[in-house]
Amino acid sequence: MDKFFKITERGSTVRTEIVGGLTIFFAMAYIIFVNPNMLSATGMNFHAVMLATCISAAIGCFLTALLANAPFAQAPGMGLNAFFTYTICFSMGYTWQQGLAIVLLSGILFLIIAVSPLRRHLISAIPKFLKNAISAGIGLFIAFIGLLNVGLIGFGSGVPALQFKVLDAASGDMVLNSAGLLCLIGLLITAILLAYKVKGAIFIGILASTLIGIPMGLTVYHPDPFSFSVLGETLGKMSFTGLTAVDGGVVALLTAIISFALVDCFDTVGTLIGTAANAGMLDKHGNLPGGDRALIADAVATCCGAVLGTSTVTTFVESSTGIAEGARTGLSSIVVGVLFLVSCFAAPVAMSIPSAATAPALIIVGVYMIKGATEVNWMDFEEACPAFLTIALMPFAYSISDGIGFGFISYAVIKVCRGKAKDVQPLVYIIAALFIVKYILANL
């Protein structure tokens with residue numbers, strides 16, 4: 001094992017790698033509950049999505065370990081699951097079965113990019129500030145969803161407003177918004193734990209909120225009989241029929257596939273390079289050894305996830321927690337993968353966790369992702385306007401895709417009008433043109 005993973009060669013030990021793996025798992029274990037809660041809104045079976053989440057995460061971790069020997073863990077990504085639910089299914093009108101087919105196609109596209117020279121061209125073609133703006137916008141969108149899900153923000157009077165009281169369907173009276181209250185309590189608990197740098201703070205916050213929800217009547221145990229056969233509800237259910245029947249047709253489909261692939265690519269590259277740089281894991285050329293193979297592992301895991309029944313699998317930034325503990329090899333990823341497989345047996349318990357207990361995790365992830373906005377040069381309007389449109393339109397238009405589209409379109413148009421057309425890579429023009437055609441076709 002030491003020879004295979006080069007543990008001693010990289011200055012680590014088996015114990016350090018195991019501790020690192022445990023640390024990473026508890027830092028990202030919230031996805032076990034949050035992902036099925038998010039995707040089940042589309043009509044998908046909660047238990048089936050949870051199993052798909054755990055199994056696809058394990059596959060991603062094992063692939064990263066065996067192909068790249070890197071201490072990075074994978075699972076269905078936050079933001080990408082919101083894109084699947086609220087943009088692909090709710091906004092664009094695809095069924096969840098069609099959504100899974102789009103995820104599979106985006107995974108295949110990402111795999112083609114990862115194994116070809118296109119990889120470097122794609123990464124260099126998109127301006128860094130737009131990548132950061134996309135991340136920040138997704139963060140705001142996720143936080144917005146968290147607040148909406150517990151009714152803290154509502155549109156009862158036609159305009160968005162904070163709601164500490166909600167209408168009780170049974171009595172017709174205004175009552176305390178207990179779900180919103182539990183969310184705020186969970187948010188404060190998680191934020192305090194994070195301020196104290198407690199490992200697995202988000203996971204602990206979900207469990208604490210679930211317990212507090214018992215006397216509030218929000219946490220109800222569901223002793224439903226559970227069988228792994230429930231995975232059949234989502235396994236292999238991708239539907240390629242009617243993918244071009246929605247508004248926008250082929251162009252809408254292409255923008256959906258490209259948007260998935262772009263966000264996945266940016267997430268993974270940003271996590272791999274950023275985390276490895278902070279840990280001193282890059283070589284003298286600034287590259288991460290095995291980084292290319294880690295991208296391949298990510299793409300294959302996404303394809304597997306689509307077949308199993310979940311949204312895009314990506315590399316989690318929470319991997320940095322294990323790296324901070326000294327993890328330097330794929331053995332830590334193996335540990336994370338094994339723990340995800342063990343978590344499959346927690347399905348009956350997971351069903352009892354109320355959405356109000358997972359909403360704080362969405363808001364906290366939003367806090368993490370909004371830091372991308374600090375990487376934008378707000379004094380340069382050529383950057384500021386496209387970045388602002390990208391960030392603002394995701395929550396305001398309730399669409400990650402629209403945020404990406406307006407960001408690319410405004411950036412390309414401003415550069416052309418400024419006489420700097422040559423500063424923009426052809427790929428940016430292609431993506432911008434696709435979105436323009438999509439909007440035209442959708443409004444004919």
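This report describes a helix, a strand residue and the salt bridges of a predicted model.

## Helix H8

Helix H8 covers residues 128-149 and contains 22 residues. Just after H8, Gly151 adopts a positive phi of about 75°.

## Leu176 in strand E5

Leu176 belongs to strand E5, which comprises residues 174-176. Its relative accessibility is 54%; because the cut-off for exposed is over 50%, Leu176 counts as exposed. Apart from its neighbours within four places in sequence, Leu176 is in contact with Phe164, Lys165, Val166 and Leu181.

## Salt bridges

The structure contains 4 salt bridges. One of them joins the side chains of Lys199 and Glu325, at 3.0 Å from N to O. This pair links distant parts of the chain, 126 residues apart: Lys199 is in the loop between helices H9 and H10, and Glu325 is in the loop between helices H13 and H14. Glu325 is partly exposed, with a relative accessible area of 32%.

Glu382, by contrast, counts as buried, at 7% relative accessibility. Its side chain meets that of Arg418 in a salt bridge of 2.6 Å, N to O, and that of Lys420 in another of 3.0 Å. Lys420 lies in the loop between H18 and H19 and Glu382 in helix H17, so this pair ties together parts that are 38 residues apart in sequence. Salt bridges with shared partners join Glu382, Lys415, Arg418 and Lys420 into one network.

Methods. Residues numbered from 1 in each chain as written. Predicted model: local features only at pLDDT ≥ 70, side-chain atom pairs only at ≥ 80, totals over all residues. Heavy atoms only, no water. Helix = DSSP H or I, 4+ residues; strand = E, 2+ residues; numbered from the N terminus. Buried < 20%, exposed > 50% of the residue type's maximum accessible area, 1.4 Å probe, protein only. Contact = heavy atoms within 4.5 Å. Expected span 1.5 Å × (residues − 1).
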